[in-house]
Amino acid sequence: MGYPDRATVCISSQAGCAMNCSFCATGQAGFQRQLSPGEIVEQVVRAAQRAKADGRRLSNIVFMGMGEPFLNYDAFMDAVRLLVEEVGMPASRMTVSTSGIVPGILQFAEEKVRPKLAISLNAPDDVIRAEVMPVNRKWDIAAVLDAVKRVPLRPKERVTFEYVLLGGVNDRLEDAEKVAKLLRRANLPVKVNLIVWNPGPGTAYRMPESGDVAAFQEYLVAKGIPAYI
């Protein structure tokens, strides 16, 4: 059930992105420059003004736009502190997504004030993940999970694992089985966001079938893993 009086803004930490994930249009466009803390915060301020004009209030912030926040770490965290101290947005209402920058996750674990954490998983194993996310060749899934376990979680907080479903690549029932085993072995409070891939220019993937998406979600839920589309 949605909340029509609330709004969430998805903001960027970089202009472009250097991660080169094969399914991502931004990644294919390449990296241009880092955003400053002020530029990051300005996105939120403008979105809040627009939401207010529409009769809504900005209730959540997700650092899931262009760029890898943990490759612009200081500016990203400076923006978080500005949003908390100057804008009045609680850090618990923010979520940051990383492709798996292990040093950044470890630094993030030491922060006293921080957003919630989301990991872009997008594959059931290292073989597929390395194909679609080059970052996996430097920090594999095990290394990422080990780093995530260092992050002290708030009461009732879950780590989000984002999973872009690519038709015929990572959306099979056997993939769901591997994901379930992987996350259960991690022994973390988790939830999974299943994202149906949208076609874009210059990419060879296809959208997953709706039945495959539903079956993937149902399998995870049956294994006790909250999963949302």
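User: What order do the strands of the open sheet come in?
Analyst: This is a predicted model. Its seven strands form an open sheet in the order 1-4-5-6-7-8-9, and the pairing is parallel.

User: Which ones are the edge strands?
Analyst: Strand 1 (6-10) and strand 9 (227-228). Each of them pairs on one side only.

User: How many bridges join strand 8 to strand 9?
Analyst: Two bridges join them; strand 8 covers residues 190-196 and runs parallel to strand 9. Within that pairing, V192 stands opposite A227 of strand 9.

User: Switching to helix 3. What should its span be, and what is the distance between its ends?
Analyst: Helix 3 has 15 residues, 73-87, and at 1.5 Å a residue these should span 21 Å. The end C-alpha atoms are 20 Å apart, which agrees.

User: And which of its residues are buried?
Analyst: Y73, A75, F76, M77, A79, V80 and L83 are the buried residues of helix 3.

User: What covers them?
Analyst: The cover includes helix 2 (37-53), strand 4 (57-63), strand 5 (94-98) and helix 4 (102-108).

User: On to the rings. How many aromatic pairs are there?
Analyst: The count comes to seven aromatic pairs. One of them is F63 with F76: the ring centres are 4.9 Å apart and the planes stand at 85°, so this pair is edge-to-face. The pair links distant parts of the chain, with F63 in strand 4 and F76 in helix 3, 13 residues apart.

User: Are those two buried or exposed?
Analyst: Both F63 and F76 are buried. Another aromatic pair, Y163 and F216, is tilted, with 5.1 Å from centre to centre and 40° between the planes.

User: Where do Y163 and F216 lie?
Analyst: Y163 is in strand 7 (residues 159-165) and F216 is in helix 8 (residues 210-222), so the pair ties together parts 53 residues apart in sequence.

User: Why does F216 count as buried?
Analyst: Its relative accessibility is 1%, and buried means under 20% relative accessible area. Y163 is buried as well, with a relative accessible area of 1%.

User: Last one: which residues form the aromatic cluster?
Analyst: F63, F70, Y73, F76 and F108 form one aromatic cluster. Of these, Y73 and F76 are among the buried residues of helix 3.

Technical notes
Residues numbered from 1 in each chain as written. Predicted model: local features only at pLDDT ≥ 70, side-chain atom pairs only at ≥ 80, totals over all residues. Heavy atoms only, no water. Helix = DSSP H or I, 4+ residues; strand = E, 2+ residues; numbered from the N terminus. Expected span 1.5 Å × (residues − 1). Buried < 20%, exposed > 50% of the residue type's maximum accessible area, 1.4 Å probe, protein only. Contact = heavy atoms within 4.5 Å. Phe/Tyr/Trp six-rings, centres within 6.5 Å; stacked < 30°, edge-to-face > 60°. Pairing = 2+ DSSP bridges.
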